[in-house]
Amino acid sequence: MPEPSKADTKDDSLDDIHPPEPRDPDGLFLSKPQSVAVESGKDVLVVARVDGARGPPKPSVRWYKGKWLELSGKSGARFQFRESLDKESKVYTYELHITKVALGDRGDYRCEVTAKDKKDSCSFNIDVEAPPPSDSDNVLQAFKRTGEAKSDMAGELDFSGLLKKREVQVEEKKKKKDEDDPFPPEIWELLKGVTKKSEYERIAFQYGITDLRGMLKRLKKIKVEPKKSEAFIRKLDPAYQVDKGNKIKLSVELSDPDLPLKWFKNGQQLKPSSKYVFENVGLKRILTIHKCSLADDAAYECRVNEEKCFTEVFVKEPPVTIAKGLDDQQVVVGDRVVLEAEVSEEGAQVMWMKDGVELTREETFKYRFKKDGKKHYLIINEATKEDTGRYKIMTNGGESEAELIVEEKQLEVLQAMADLTVQARDQAVFKCEVSDEKVTGRWYRNGVEVRPSKRIHISHTGRIHKLVIDDVRPEDEGDYTFIPDGYALSLSAKLNFLEIKVEYVPKQEPPKIHLDCSGKAAENTIVVVAGNKLRLDVPISGEPAPTVTWMKDNEEFSVREGRARLEEQKDLSSFVIESAERGDEARYTIRVTNPLGEDTATLIVKVVDVPDPPEALRVTSVGEDWAVLDWEPPKYDGGQPITGYLLERRKHGSARWVKLNFEPFPGRTFECQRLMEGVLYETRVFAVNAIGLSQPSHSSRPFMPIAPTSEPTHLVLEDVTDTTATLKWRPPERVGAGGIDGYLVEYCREGSDEWVPANTELVERCGFTVRGLPTGEKLLFRVTSVNIAGKSPPATLVQPVTIREIVERPKIRLPRQLRQTFIRKVGEQVNLVIPFQGKPRPQVTWTKGGQALGEDIHIRNSDADTVFFIRAAARHHSGQYEMRLQIENMEDTASLHLRIVERPGPPRAVQVKEVWGFNAALEWEPPQDDGNAEVTGYTVQKADTRTMEWFTVYEHNRVPRCTVSELVMGNEYVFRVFSENLCGTSLTPALSANTARVPKAGLRLQPPQFQERDLRCAPQFLTPLVNRSAVAGYTTALNCAVRGDPKPRVVWLKNQVAIGEDPRFLARHSQGVLTLQIRKPGPFDGGTYGCRATNELGEALTECQLEIRVPQ
């Protein structure tokens, strides 16, 4: 494979050829890809370095050719993409490698980086040049010596001869090339300056060039030196990028601020408006585009006279986010599945994926995509087992994932059939309930299908299937079975026919209960499913007719109406329960008595039902994608043993539950798997017995699958003393959804495995000082991050640390502003922080002039700095302060000069020294109190003694004297002066000891002689009438201008005849401008029109021809 281009193979050579641009502090690039030039057939390597410290997510990089063509693995084997990470500096390096570049690879490229919610891009250019012609001559042959004459010391190769030969060849080739060139040099210079392609054809036609294509090929090989711009110091960048809705600024810098500049968009000149704002800042010219839309994605041009510069603006739409994500779904084969998601913008483009593979339009026969405003739907009309998987919807700003589980249809028995015991001519009802309303089935008796007839009725209502047999006969006894269609499931029950044997007895006989269980000690248990009808028909006999008494748990039962009731017939007593409930479960006793004796029988009715919901559902532990559930059994098992439990989960806030198991789980601790980290879930559990499924338990408290973080990074020892060690570290690279609650620091002696916690409470910041360590011991330290999921792997120091103080010489780091006099105003705070260094902790001493500081000066010292604080500064705090830093016999000192200043006092001895003309000279002496600061000037004011309104004459007058001018004659003035320093002017002024009076001199007004000028003149037309042509039917006007004094009298003429009060003519005279308006002229209105102006000094006349054209 050819070697990569030298301009790109090494980063150092890249920096030498293309110096790196200064890094944008808000950008993501540490090193942007640079433009390169490479010969055709060679390899090229483009490198970009990206800052990875903004993450945890890794930045993603895309390469584009031109504006939108994305380069990827599908672009061909010649394009290779590599990336690497420097873990210490957190810098990602991305490389674009193009092998055997061709001329078609030449052009503009763009690199786009995305990290979190921020994006950055950079443009570069790859220029492919044709390879140089190869020299077929043997180079070594050219080095051979020729000729007989050579010395014994000479070698076989003659370099001097080769150089001479090459010079001759180069001169001959150049001369031959110049002779063969059919075009003079002037034409080539003319071709180099062409900017439009159409100019090439014009020049070829003008100079008779027939081989235009060959001329353009030769012109491309000529290296044209870029002409330095005379108008632009800095031109537009090649391209700009802006998000939709934001503003962007395009700026250039001109060499002359007076040059005219114009902005163009796609060739159309732009005008200033609220959308496009033009700014001039010195030599800079800025175009600001507000609220960029897709219409602003265009080519822009800046033109100064004949010079131009171009750029292109790319407007990016904001990323579309997922407002409402997908929900997990669990369906059975054949169901319709609708996956719904809501995005942030209407009409957004989304991508649907299944198990990482994009769902395209080619699969629309199976998948249907639907848009409704911001909502997007993926519809599967008939789900199959192959549709099981993880579905994802992706936008350019987010994604959402959900799991679809498609299971085979499983039919659940909600209520099984119960055995029946009936007697002749009674009704037998077999009833069962299944989970699917659409399921049909067939009934069988002893394996033979039961057909409907007048006595036998088969019904299907919702989920309930019934078989009703009227007028039961002995041949109806047998096993009855219901088999659902399409399922390997059967429900069976037995019909027992109770045959009553009638025997002839005497008319008097003791009472008797005719049941198999009759007898005082006999019992019979009857099981009924809750909700079913129970009818206990007990035949009795006896003469005379016996009295029947029913007992329920030793309490007499005599209700004749209602849900549970007694029914009496001849020789028959019936106990009926319409819909069995748990409260009906009891021991029932029937007693029959007559004068000849009594008989009793006991029936135990047991009501079986679905169990109660399980209790105390809780989450005991969680992991990255799993959680362990625990619960207590139901208080009531429904009279049947619990066979297992079914569990479901859902996302918090969702209404769709997903099953976790399909077969009853026998235990009471279950591990949920395949959860998504960072998503809140809720779970519930059902209890299952032979009768059916219980109601769901209360939902568990929301929980989130999370995992411990990775180990902390970059653990280092920052400081160590005789009893302490200070550690610092960085957060883990992988944090996860559980975040970080804090850090745990531990240490142990070298050679020991017993780790001792250094902190009882978790540390939130990435640093901690371990105190109370044994002096001189060698200890190992480790740090563990802790969150709700537990502890992370520890980060341990590689080398043990010896606990011993390191002596460091004391050094005061006096800030730059304190190395000169520090000035503050009276009443202000003085808060100075002076850092220092030294180990162990140095002793800090402050003095002022060798004396201790006052009580109103506060000093606070720490391990690394000292604070000098005065709450309210006063004048007496000014002076020089000394700071002394001492460690044993080593010390360092520094001085601090502090000056507290305030407003100065008023000046002294203000006097008016001299008054002359309209001027007065003032003098004064500086103030006695300058406020502890240099007096920088004076403010002088004056006031008339009559009004005493003060007016400022001078501000910031530096010398203690001034001359006040422009005084009013006859007035008497008094003056006052304020002194001024850096705090401001003095609070009180100093008044002048005397006043300045400007005397009034005697004046006499002598007005000049004025002679009025004669402005009269004869009429004169300044603007005469001109010939006109008008269209018939359209109003026209004749105009002229006249001057004259007195005002002339004006008469309009037509063909030398005065125009009277004809309403079609309207004459106007305004400020010497005369107008004759002709309303809707006809062909007869044409002719010679004139205007005559007359006054007492003369007259003037002007004429014109008016032609009336009739439209054809």
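Leaving aside its neighbours within four places in sequence, Asp1085 is in contact with Lys1054, Arg1064, Phe1065, Lys1080, Leu1106 and Ile1108, where contact means heavy atoms within 4.5 Å. This is a predicted model, in which local features need pLDDT of at least 70 and side-chain atom pairs count only at pLDDT 80 or more, while totals for chains, interfaces and linings use all residues. Residues are numbered from 1 along each chain as its sequence is written, and side-chain values use heavy atoms, with hydrogens and water left out.

Asp1085 lies in the loop between strand 84 (1073-1078) and strand 85 (1087-1095); strands (E, at least two residues) and helices (H or I, at least four) are DSSP runs, numbered from the N terminus. Asp1085 is buried, with a relative accessible area of 0%, and the words used here are set by cut-offs: buried means under 20% relative accessible area, exposed over 50%, and partly exposed in between, with a 1.4 Å probe and protein chains only. One of the contacts of Asp1085 is Arg1064, which is itself partly exposed at 27% and whose side chain meets that of Asp1062 in a salt bridge (3.7 Å, N to O).

A salt bridge is a side-chain nitrogen of Lys or Arg within 4 Å of a carboxyl oxygen of Asp or Glu, and the structure holds 52 of them. In one of these, the side chains of Glu403 and Arg674 meet at 2.5 Å, N to O. This pair links distant parts of the chain, 271 residues apart, with Glu403 in strand 27 (residues 398-407) and Arg674 in the loop between strand 50 (669-672) and strand 51 (681-688). Glu403 is buried, with a relative accessible area of 5%, whereas Arg674 is exposed, at 52%. Both residues belong to a network of salt bridges that also links Asp328, Arg390, Glu401 and Arg649.

Turning to the strands, the protein chain has seven helices and 86 strands. Five of the strands form an open sheet with mixed pairing, in the order 11-18-17-13-14, and two strands pair if DSSP finds at least two bridges between them. Strand 11 (239-243) and strand 14 (268-269) stand at the edges, each with a single partner strand, so one side of each is left without a neighbour in the sheet. Strand 11 runs parallel to strand 18 (residues 307-316), to which five bridges join it, and Gln241 stands opposite Phe314 in strand 18.
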